[in-house]
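Look at the model below.

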Amino acid sequence: MHEKSPPESRLAEAAAQLARACYVAVLTGAGVSAESGVPTFRDALTGLWATFDPRELATPSAFARNPKLVWDWYAERRAQVATVAPNAAHRALVDIEARVPRFLLATQNVDGLHRRAGSRALVELHGNIARVKCSACMCIAARWDEAEDALPPRCARCAAFLRPDVVWFEELLPAGALAAAEDAARECDVLLVVGTSAEVYPAAALPDTARAAGACVIEINSATTPLTARADFALRGRAGDVLPALVHAAWPAASALLSP
Ligand code: OAD
């Protein structure tokens, strides 16, 4: 750990690792979208799970018990993320993708902001809130209407309730997305871990996979997490400040060229 060095020197050392890397992998969580106005889950006062009980909203059994409550909660969040825009942290990750030979961004976020910012090599480990699927046959619904007041809309093919295409607790992650993220963790030179509490598995295991394979793990977070002590660099601050600073420190000449 390089925690005792002054922040600028830690940033410069981490940037040097980034600039040298052939393969950069990134794991992001809700903190990367916080500056866009999307609430996180576990922040003590503002996190969604401080106000709502995930067992009542983000599990298959909650949906079975009260499908309309769950549908409406996600519909409200879907409407909310449609009103926000990517921030400087999302854009800095697009910038990194353009500068390194190999890159993969694995996000736990369901808000679609990385894609909207322009990230291309992207896997969504927990799904995407903009998509809706059937709770029985799992086909993706191209459209739906909210006609029935007391129930969620139904699948056009099998008439089961529709649900958001997000991963709930007790459910498996999309196998292809998880395999791609695990491969990237095993093969990357640098893993950036941005804005995640690093508490939810299997995503939380990716930094250990990367470290075990010899990668340099750089955490960017506004607070300490269970990962902090195991990271090679823990850069404290807001992702929208730290990531652009890291890019600028890693590629100073290129950054100067890109500036207006
Ligand atoms: P959490 O809410 O658990 O953690 C957000 C992290 O972001 C915390 O460590 C904060 O300190 C940090 N943070 C907040 N604002 C930040 C900022 N501006 N810059 C940098 N860091 C900031 O969110 P996740 O780790 O994404 O799963 O949560 C993981 C999963 O748990 C989510 O995908 C979701 C949730 O239950 C499902 O819904 C399946």
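Contact means heavy atoms within 4.5 Å. Leaving aside neighbours within four places in sequence, Pro101 is in contact with Ala21 and Cys22. The model is predicted: local features need pLDDT of at least 70, side-chain atom pairs count only at pLDDT 80 or more, and totals for chains, interfaces and linings use all residues. Residues are numbered from 1 along each chain as its sequence is written, and side-chain values use heavy atoms, with hydrogens and water left out.

Where does Pro101 lie? Pro101 is in the loop between helix H7 (88-99) and strand S2 (102-107). Helices (H or I, at least four residues) and strands (E, at least two) are DSSP runs, numbered from the N terminus. Pro101 has a relative accessible area of 65%, so it is exposed (over 50%; buried is under 20%, partly exposed in between; 1.4 Å probe, protein chains only). Pro101 and Thr51 are 50 residues apart in sequence. In space they are 42 Å apart, C-alpha to C-alpha.

Now the ligand. A polar contact is a pair of N or O atoms within 3.5 Å.

| Residue | Distance to a ligand oxygen atom |
|---|---|
| Thr196 | 2.6 Å |
| Ser197 | 2.6 Å |
| Asn221 | 2.7 Å |

Taken alone, the ligand exposes 790 Å². The protein buries 93% of that (Shrake-Rupley method, 1.4 Å probe).

Methods: Polar contact = N/O pair within 3.5 Å; in protein donor to acceptor, adjacent residues only side chain to side chain.
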